[in-house]
Amino acid sequence: MKKGFIALLTLVMLSSCQEQTKIGFVDNSKLINDYQKKKDIEAKFQVEIDAFNKKVDSIGQSFQAQAAEMQAADPKMVQKSSQEKYQALAQQYQRFQQQFQMEEQQIQSKSQAQIDTLIKDVRSFVKNYGEKNGYSYILGSNEAGSVMYGKESNDLTKEILEALNAEVKKN
């Protein structure tokens, strides 16, 4: 009986000495989308995209004006020189379209690279936050359902988002 009591007492003492598992979760989408640095990146690229679109529209209008001018000069495109000029104009417009596609892909690529870097930074921040605040786990919830349910008190999204945005203001 004494041995059983001692074993039970030892078990209780060991279990009380074990580290408490502290778990929290964040809403990945909200954390990333509401992060001020992401908003700044998007705003910067929106300015670049708007400038690009204006350039494309301007050049497109210029080509349309030239084509209309040729059409007015020779309405039925009867003259061989008119046909050649129109074909040359069409080829030039195709080259510009290809150039525009390449520029658009470069803008998208630069934007995606910055977003990817931002996501890595956020993951690193969450890891450091967890270590600093004694969390054993910080889970990420997303549309796929990696966290199907979590107590509101364990939702760290707002807390971590505020800390992330505070970092942006420091820099």
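Me: Which element gives the largest share of the lining of the largest pocket?
Reply: In this predicted model, the largest share of that lining comes from α4, which contributes 4 residues.

Me: OK, and which elements supply at least two residues each?
Reply: Those are α2, spanning 28–33, α4, spanning 80–132, and the strand β2, spanning 137–141.

Me: Which residues line the pocket, then?
Reply: The lining is made up of Val-26, Asn-28, Leu-31, Ile-32, Ile-119, Val-122, Arg-123, Val-126, Ile-138, Leu-139 and Gly-140, and by class these residues divide into 8 nonpolar, 2 polar and 1 charged.

Me: How much space lies in there?
Reply: The largest pocket holds about 170 Å³ of space.

Me: Switching to the helices, at what angle do α3 and α4 pack?
Reply: Helix α3, which covers residues 36–73, packs with α4 at an angle of about 175°, and their axes lie 11 Å apart. Because angles over 145 degrees count as roughly antiparallel, α3 is described as roughly antiparallel to α4.

Me: And what classes of residue are in the contact of α3 with α4?
Reply: That contact has 17 nonpolar residues, together with 5 polar and 10 charged ones.

Me: Last topic: what is the mean pLDDT of the chain?
Reply: The mean for the chain is 84, and 87% of its residues reach 70 or more.

Me: Which element has the lowest mean, and which the highest?
Reply: Among the elements of the chain, helix α1, residues 2–17, has the lowest mean pLDDT, at 49, whereas α2 has the highest, at 93.

Terms used. Residues numbered from 1 in each chain as written. Predicted model: local features only at pLDDT ≥ 70, side-chain atom pairs only at ≥ 80, totals over all residues. Heavy atoms only, no water. 1 Å grid on protein atoms, 1.4 Å probe; cavity = no way out; pocket = protein on both sides within 12 Å on 5 of 7 lines; lining within 4 Å. Points joined across faces, edges and corners; volume = space filled by probe spheres on them. Nonpolar A, V, L, I, M, F, W, Y, C, P; charged D, E, K, R; others polar. Axes fitted to C-alpha atoms, helices over the stretch in contact; angles between N-to-C directions. Parallel < 35°, antiparallel > 145°, perpendicular 65-115°, else oblique. pLDDT = per-residue confidence, 0-100.
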